[in-house]
Amino acid sequence: MKKTNAERFIAAYNKIDYGLRTIYDFKRSMSFSDVIRRSVVLNSVVRKYEEDLIDYGRLRNAIIHNGNSKYTIAEPHDDIVLKIEKLAELITEPPLAVDRVGNKEVIIIDKDLSIAKAIELIARTGYSNLPVYDNNKLLGIINGRKLINVLGYKLADGVNLQDFVDNTTVGEIISEMGEDYFFMLADEDITIDEAMNYFENNRKLLIILITKDGKDTSKPLAIISSSDIIDMKKILDVY
């Protein structure tokens, strides 16, 4: 038998409520509105639709009569039902980042590669983030923008840039990419929502390097950069 709008609405509401409590280990005693407000700093979808979700909590209370989910006193509009169902899917079953966004052709370089060769590689491929490995262990990432900053400082100090880039390896310069932690590792299960949340909560973060298990001894599967944020938002909007 076809479900009514009220039944579909309550099912989606319960999915969101249970999903957020499970994902973030919230207490059962917390109200739905508190769950939403606590989730704002943890979940980019909740952050974007916070007010809508709070309103849906109020609507749920209006639909249910005396706490009896089998007896409803109102039928929500079709548009409201479709939207809460979409939010329920986004929150509890978000798309994986490695499947939908980022650069899946990751070029890795050895620590002994010269800076000159790394610059040539960036120019030839258009890839501005090159993970640097010492055998099978990640040392860091050569980022094109940060590399230009390093070379600028060398130039200001009177260093001969041609000699410097020809005779300095990427392994020797990796520590000069900056003290701020501009990249992070994540495993293959990272979702688009989680990736967006990392970028939004850390303005210094430029790159997320995805490996199978999130370890620095595993082969890269994809790179997500801060420039992918717009694409990630579009994917969530139409998902």
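Predicted model: local features only at pLDDT ≥ 70, side-chain atom pairs only at ≥ 80, totals over all residues.
The backbone oxygen of Lys111 is reached by the side chain of Thr169 at 3.4 Å. Leaving aside residues up to four places away in sequence, Thr169 touches Lys111, Asp112, Leu113, Ser114 and Ile115.

Three strands form an open sheet with mixed pairing, in the order S6-S7-S8. From one strand to the next, the twist averages 20°. Strand S7 (residues 207–211) and S8 run antiparallel and are joined by five bridges. Thr211 has Pro220 of S8 as its bridge partner.

Helix H11 lies across S6, S7 and S8 and runs at about 145° to S7. H11 (residues 192–201) is also paired with helix H12 (residues 229–238): the two axes come within 10 Å and cross at roughly 140°. H11 and H12 are therefore oblique to each other, and the crossing in which H11 passes H12 is left-handed. On the H11 side, the contact is made by Ile192, Ala195, Met196, Phe199 and Glu200, and on the H12 side by Ile229, Met232, Lys233, Ile235 and Leu236. By residue class, this contact of H11 with H12 comprises eight nonpolar, no polar and two charged residues.

Methods: Residues numbered from 1 in each chain as written. Heavy atoms only, no water. Axes fitted to C-alpha atoms, helices over the stretch in contact; angles between N-to-C directions. Helix = DSSP H or I, 4+ residues; strand = E, 2+ residues; numbered from the N terminus. Parallel < 35°, antiparallel > 145°, perpendicular 65-115°, else oblique. Left-handed = near helix turned anticlockwise from the far one by under 90°. Contact = heavy atoms within 4.5 Å. Nonpolar A, V, L, I, M, F, W, Y, C, P; charged D, E, K, R; others polar. Polar contact = N/O pair within 3.5 Å; in protein donor to acceptor, adjacent residues only side chain to side chain. Pairing = 2+ DSSP bridges.
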